[in-house]
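Keep the sequence and the 3D view open as you read.

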Amino acid sequence: MSDAPLEHPDGLFPPIPANETERLRELESYHILDTLPEQFYEDIVRLAAYICQTPMALVNLIERDRQWSKARLGFTDSEVDRKLAFCSYTINYPDDVFVVPDATCDERFAHNPFVRGDPYIRFYAGAPLVTPNGYALGTVCVVDVRPHQLTPEQIEMLRVLARQVVRQLELRRDVLALEQRLLTNEQEKLSLRAYLLSIEAQLAQAQQQALTDPLTGLLNRRGFEQRLQEEMDRSLRYNVPMALLMVDIDHFKDINDTFGHVAGDEILRMVAQLLRENVRRHDIVARYGGEEFASYLTGYRL
């Protein structure tokens with residue numbers, strides 16, 4: 001694609017860069033539009049005004065339909081219509097500093113409302129903000145209410161300031177990208193942590209189910225023997241007496257045969273509840289077999 005600017009469709013307004021779509025995409029990638037004032041950019045406009053001896057200076061960015069000022073000195077409005085912006089011309093010439101010595105004598109600007117009315121612009125000079133990819137995003141520009149000329153040294157200093165702004169934009173984008181990566185990594189860590197906790201909870205639940213009798217809710221034989229070994233070791237270590245009770249429901253087969261397994265299961269649940277209610281909270285009760293129950297009583301004394 002040619003780098004020559006395309007004339008605006010109605011022929012009355014600033015030309016549109018040939019790479020406009022890519023330029024706007026590049027501008028958006030910096031996430032700078034409509035951000036709060038920053039001291040770096042405020043210092044840039046003060047330096048530009050001082051170097052060029054003008055009462056006004058700006059750091060401008062050209063969006064699709066507007067010119068937005070990241071920093072400004074001598075202006076109150078933070079944005080203007082792109083069609084009226086001098087900087088809309090500057091971005092079409094990324095290799096040059098665009099200078100208008102006297103806007104009233106330039107047919108492109110003589111009827112501009114900012115020339116014919118407040119702030120009565122006469123002089124303009126803008127250095128384009130050109131990214132490493134070659135896109136002109138905006139300008140560092142100086143403005144005066146009187147016709148003006150810049151020395152070659154002043155023009156070069158405008159270029160230097162524009163390069164500094166682009167470096168700051170690049171640095172800012174790199175920092176934002178790093179912060180986003182760190183945030184993504186932190187979110188991934190949190191997600192992984194939540195997943196691990198979920199797995200641990202599932203494992204704990206599975207382990208608990210493996211040690212629990214599903215009918216009565218008591219420990220099963222495996223769970224009881226595991227706890228029994230722990231309690232026996234503790235009893236021996238601290239010389240604490242213990243007692244082990246075994247409970248067997250007599251003639252349980254006859255109950256199942258006569259009344260059915262549903263009734264038998266209910267009997268087992270009732271016995272389990274009675275045992276649970278008649279031991280201490282720290283004692284252990286388990287369903288040891290089909291109709292067999294066991295209870296380990298810690299610290300028991302005859």
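Helices (H or I, at least four residues) and strands (E, at least two) are DSSP runs, numbered from the N terminus. This is a predicted model, in which local features need pLDDT of at least 70 and side-chain atom pairs count only at pLDDT 80 or more, while totals for chains, interfaces and linings use all residues. Residues are numbered from 1 along each chain as its sequence is written, and side-chain values use heavy atoms, with hydrogens and water left out.

Which residues of H2 are buried? They are Tyr41, Ile44, Val45, Ala48, Ala49 and Cys52. These residues cover an arc of only 125° around the axis, so they sit on the same side of H2; the arc is that of the directions from the helix axis to the C-beta atoms. On the other side of H2, Gln39, Arg46 and Tyr50 are exposed. Buried means under 20% relative accessible area, exposed over 50%, and partly exposed in between (1.4 Å probe, protein chains only). Just after H2, glutamine 53 has a positive phi of about 55°.

## The six-stranded sheet

Six strands form an open sheet in the order E3-E2-E1-E6-E5-E4, with antiparallel pairing. Strand E3 (79-81) and strand E4 (98-100) are at the edges with a single partner strand each, so one side of each has no neighbour in the sheet. Two strands pair if DSSP finds at least two bridges between them. From one strand to the next, the twist averages 25°.

Strand E1 (residues 56-62) and strand E6 (residues 136-144) run antiparallel and are joined by six bridges. Within this pair, leucine 61 stands opposite glycine 138 in E6. H2 packs on the sheet, touching E1, strand E2 (66-73) and E6, and its direction makes about 75° with that of E2. Contact means heavy atoms within 4.5 Å. Axes are lines fitted to C-alpha atoms, for helices over the stretch in contact, and angles run from 0 to 180 degrees between N-to-C directions.

## The three-stranded sheet

An open sheet of three strands has the order E7-E9-E8, again with antiparallel pairing. Its edge strands, E7 (242-248) and E8 (284-287), each pair on one side only. Here the twist averages 15° from one strand to the next.

Seven bridges join E7 to strand E9 (residues 292-298), and methionine 242 stands opposite threonine 298 in E9. Helix H6 (residues 221-238) lies across E7, E8 and E9, running at about 20° to E9. Helix H8 (residues 261-277) also packs on the sheet, touching E7, E8 and E9, with its direction at about 10° to that of E9.

## Cysteines without a bond

How many disulfides does a search of the whole structure find? It finds zero, a disulfide being a pair of cysteine sulfur atoms within 2.5 Å. For cysteine 105, the nearest cysteine sulfur, that of cysteine 141, is 20 Å away. The sulfur of cysteine 141 lies 3.9 Å from the closest cysteine sulfur, in cysteine 87, which is too far for a bond. Cysteine 105 is exposed at 65% relative accessible area, whereas cysteine 141 is buried at 1%.
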